[in-house]
Amino acid sequence: MSKEHAIAVLAGDGIGPEVVRQGLRILERVAAIDGFRVRATSYPLGAEHYLKTKEIFPDAAFREVKDQDAILLGAIGDPRIEVGLLEFGIIAKLRFELDLFVNLRPVKLYAEHLCPLKNKTPEDVDFLVVRENTEDAYAGMRGFFKKGTPDEVATQEIIFTRKGVERVIRYAFDLARRRGRTKKLTLVDKANAVRAMDLWTRTFEEVGREYPDITRDHAYIDAACMWCVKNPEWFDTVVTSNMFGDILTDLAAMIQGGLGIAASGNIHPGRVSLFEPIHGSAPKYAGQNVASPLATVMAVAMMLEYLGETRAAARIEETVAGLLRSKRIPSLGSDSGLSTTQIGDLVLESLERAKVPA
Ligand SMILES: NC(=O)c1ccc[n+]([C@@H]2O[C@H](COP(=O)([O-])OP(=O)(O)OC[C@H]3O[C@@H](n4cnc5c(N)ncnc54)[C@H](O)[C@@H]3O)[C@@H](O)[C@H]2O)c1
């Protein structure tokens with residue numbers, strides 16, 4: 001009997017449902033080709049649900065989602081709703097309450113013409129960013145005093161715990177070792193100015209001693225942004241804090257071709273984890289069938305890799321890479337000349353022919 005994977009699907013807002021529809025078509029097809037089953041359950045949460053019911057994420061739905069093997073998320077956010085309300089109530093709730101402490105972001109260029117940098121090839125842009133996903137300023141310890149007056153004080157605490165820092169650093173060392181590319185791990189921080197990051201420096205050194213085969217490297221976040229543009233080939237695996245990772249990975253998305261291809265995993269190893277395109281709901285393109293579904297397709301590939309379906313994951317990646325290299329999908333923006341559905345069709349048609357290890 002083939003294996004079955006239970007997937008919670010939160011398509012969300014804006015372009016979310018359109019791109020997730022394509023992701024699910026591809027998921028079903030690779031399951032048929034590679035011999036596993038998928039039980040997908042959709043949760044129609046997001047702006048429409050909130051406007052109708054005033055519910056953001058009902059407890060019963062949360063309990064169900066928690067019991068699945070993985071979660072596929074489209075995008076959350078709608079201009080009709082107060083900024084951050086749904087994003088915090090749905091995405092942040094999942095990240096914090098499921099303790100998804102790793103945000104894994106592959107930065108991989110599949111075809112040279114998609115890179116805005118001069119003379120950079122797919123060999124040059126191929127690294128992994130491991131972003132801490134549960135602490136930092138995002139822990140929500142904030143407040144306003146004398147709000148709306150000339151004397152207003154606004155504060156938000158940056159939180160790092162030894163446990164939180166150590167587990168994500170350890171994950172990154174393991175990943176650099178498994179990846180086996182150049183076996184280098186770069187710590188990106190701002191310990192010269194944010195002195196609390198000394199905890200990162202010390203933990204990185206201490207944990208790093210257990211990984212003598214991995215070269216330890218370091219860059220301050222400002223310099224890391226510069227290297228990301230000037231010499232992306234210097235990076236193999238990168239570990240960083242929540243806020244710096246948030247910023248660095250959007251910059252990194254641009255050198256791999258844009259938000260139309262960039263995917264991420266929100267992971268707690270061994271537990272239910274969440275996979276999503278890194279883009280948001282792009283409200284201006286909602287309902288127009290013009291958004292690139294490839295970031296979601298790559299999120300599906302990451303999810304399958306996590307679930308142990310490595311052949312199916314490789315099949316999706318190889319198919320997308322081939323379509324981009326051949327320019328059958330010429331670009332990753334809304335101006336590709338192909339609709340969201342047509343891009344899905346192209347991927348679907350090509351899956352069977354992908355060269356993947358037996
Ligand atoms: N994880 C998430 O669900 C998530 C992430 C980021 C932003 N958001 C939310 O999404 C809403 C819109 O945010 P934003 O405009 O800052 O970011 P966005 O990522 O939605 O869009 C930024 C721009 O990128 C382009 N783009 C994004 N995805 C694309 C795709 N698949 N194909 C083609 N072009 C694409 C569009 O030009 C778009 O205007 C906000 O409510 C925000 O809070 C949600």
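The following dialogue explains how to read several features of a predicted model.

Colleague: On what basis are the features of this model reported?

Modeller: The model is predicted, and local features need pLDDT of at least 70, side-chain atom pairs count only at pLDDT 80 or more, and totals for chains, interfaces and linings use all residues. Residues are numbered from 1 along each chain as its sequence is written, and side-chain values use heavy atoms, with hydrogens and water left out.

Colleague: What span should helix α10 have, and what is the distance between its end C-alpha atoms?

Modeller: Helices (H or I, at least four residues) and strands (E, at least two) are DSSP runs, numbered from the N terminus. The expected span of a helix is 1.5 Å times one less than its number of residues. Helix α10 comprises the 16 residues 310-325 and should therefore span 22 Å; its end C-alpha atoms are 22 Å apart, in agreement. For α1, with 19 residues, the reach from first C-alpha to last is 26 Å, close to the 27 Å expected.

Colleague: Which residues of α10 are buried, and against which helices do they pack?

Modeller: A residue is buried under 20% relative accessible area, exposed over 50%, and partly exposed in between (1.4 Å probe, protein chains only). In α10 the buried residues include Ala312, Arg315, Ile316, Thr319 and Leu324. Contact means heavy atoms within 4.5 Å. The buried residues of α10 pack against α1 (16-34), α9 (294-306) and α11 (340-350). Those of α1 pack against β1 (4-12), β2 (37-42), β3 (70-75), α9, α10 and α11.

Colleague: Which residues touch the most other members of the largest nonpolar core?

Modeller: A nonpolar core is a set of buried Ala, Val, Leu, Ile, Met, Phe, Trp, Tyr and Cys residues joined through side-chain atoms within 4.5 Å. The largest has 87 residues, of which Val239, Leu294, Ile316 and Leu324 touch the most other members. Its largest share, 9 residues, comes from α9. Apart from this core lies another, of 22 residues, among them Tyr50, Val65, Ile71 and Ile90. Setting aside residues up to four places away in sequence, isoleucine 316 touches Ile26, Val30, Val297, Val300, Ala301, Leu304 and Leu351.

Colleague: How many residues surround the ligand, and which are the closest?

Modeller: A residue is near a molecule if one of its heavy atoms lies within 4 Å of it. Here 21 residues surround the ligand, the closest being Ile76, Glu87, Gly280, Ala282 and Ser292. A polar contact is a pair of N or O atoms within 3.5 Å. A side-chain N or O atom of glutamate 276 is 3.1 Å from a nitrogen atom of the ligand. Accessible areas come from the Shrake-Rupley method with a 1.4 Å probe. Taken alone, the ligand exposes 810 Å², and the protein buries 68% of that.

Colleague: Which phi values deserve attention, and where do the residues lie?

Modeller: Most residues other than glycine have a negative phi. Asparagine 289 has a positive phi, near 60 degrees, and lies in the loop between β12 (273-277) and α9. At 28% relative accessibility, asparagine 289 counts as partly exposed. Lysine 327 also has a positive phi, near 65 degrees, and is placed in the loop between α10 and α11. With a relative accessible area of 48%, lysine 327 is partly exposed.

Technical notes: A polar contact is a pair of N or O atoms within 3.5 Å; within protein, one must be able to donate a hydrogen and the other to accept it, and residues adjacent in sequence count only if both atoms are side-chain atoms.
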